[in-house]
Amino acid sequence: MSRTVKAPPPIEALFDKAEEQVSRFFRDRRDDPTKGTIEISDERFVLVRGASLSVEFFDVLKRLFAHSEHEAAGIASQMLFDIAHALGKADARHFHKAMGLSDPISKLAPGPIFFSHAGWAFVDISEESKPEPSEDYFLLYDHPYSFEADAWMRAGKHSDFPVCHMNAGYSSGWCEESFGLPLVATEVSCRARGDAACRFIMAPPARIEAHLARHLGHAPKQPKKIPYGELGKSFNRDWTKEALLEKSLQKSERDYRALFDLSPDAILVWNADGTVDAANKSAAKLLGYEKAEELIGRNWQDFLAPEERQAAVKRIQSLEKPSLISESEFKMRRKDGSHVLVEGRVFEVVPVV
């Protein structure tokens, strides 16, 4: 059997089995790389990540946000990632049903195998990866061919920003559907930036920064001091964070509000008595609410697990100077009563004059 996935020895047998499954599923297949589509058994899979949409969308946003290329890149990447993530989940549900896959381990390998068949290239998975259905999930993989990277190169464009996030979003969506575990993927390298391959790291949101830092051999960047409290999960999208920080400090309230609302980080802002004054869409999504407005007016402690509140309040009360930052894990309480563990950073409010 020809290998489309280069897998670590401990899970090689699992990938061999998955390749048989995917080969059967893809037996009657027609590819159209120019349109980014695959037709399989009369069922059409529209691979949004494969079209030139990413290049066109970046160009449109750069014209709309000519004053800030960082802002345009952040918004474009976030929206394209979300589209691809949803598409990956939908395709995974269909494949699992079609192949009769039920347990998470059986569902694991078809994801990367599927990407190989869909992407016209093998996937090289690092041996340090831990592809297991738990909070320790960690996948580091190279994709020599990327639809987005190819589209950028064919357009004769070069970008210093992440441009392969649709690929990452698709894979994280597939694996989240397989495991029932929130996962995000971060682009580490991309052929559109002159790298040898497109490399991605995928892990649970609260742990992605630590994996990325270890892989790159340095500690995660510390954010600049910002004039509001921040408590949210980190996605290690520094280019988006930097745009948010710069705009909140230097630009108008309208621009700040747009970036605040569009940030992928969950952000809560509360006043001296603990009442939430502002919240963004990511905070509402994290806590299981439909609208950010539902969080405003409540005490921020309401969103902590009861057993966490006393210790969390004590940590925050220790912030005697505006320059101090409290960083730790928080167990947050969602609307339905369930709990989610997040990495949070809390800053004392500094009035801007």
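**From a buried serine to the sheet**

Ser178 touches His96, Pro104 and Lys107, leaving aside residues up to four places away in sequence; contact here means heavy atoms within 4.5 Å. This is a predicted model, where local features need pLDDT of at least 70, side-chain atom pairs count only at pLDDT 80 or more, and totals for chains, interfaces and linings use all residues. Numbering starts from 1 along each chain as its sequence is written, and side-chain values use heavy atoms, without hydrogens and water.

Ser178 sits in helix 7 (residues 165-179). Helices (H or I, at least four residues) and strands (E, at least two) are DSSP runs, numbered from the N terminus. Ser178 is buried, at 4% relative accessible area; buried means under 20%, exposed over 50%, partly exposed in between (1.4 Å probe, protein chains only). A polar atom of the Ser178 side chain lies 3.0 Å from the backbone oxygen of Trp174.

Now to another helix contact. Ser54, Val55, Phe58 and Lys62 of helix 2 meet Glu148, Ala151 and Trp152 of helix 6. The residues of this contact divide into 4 nonpolar, 1 polar and 2 charged. Ala, Val, Leu, Ile, Met, Phe, Trp, Tyr, Cys and Pro count as nonpolar, Asp, Glu, Lys and Arg as charged, and the others, Gly among them, as polar.

Strands pair if DSSP finds at least two bridges between them. Strand 6 (residues 139-143) and strand 8 (residues 198-203) run antiparallel, joined by 5 bridges. Tyr141 has Phe200 in strand 8 as its bridge partner.

Definitions and conventions
A polar contact is a pair of N or O atoms within 3.5 Å; within protein, one must be able to donate a hydrogen and the other to accept it, and residues adjacent in sequence count only if both atoms are side-chain atoms.
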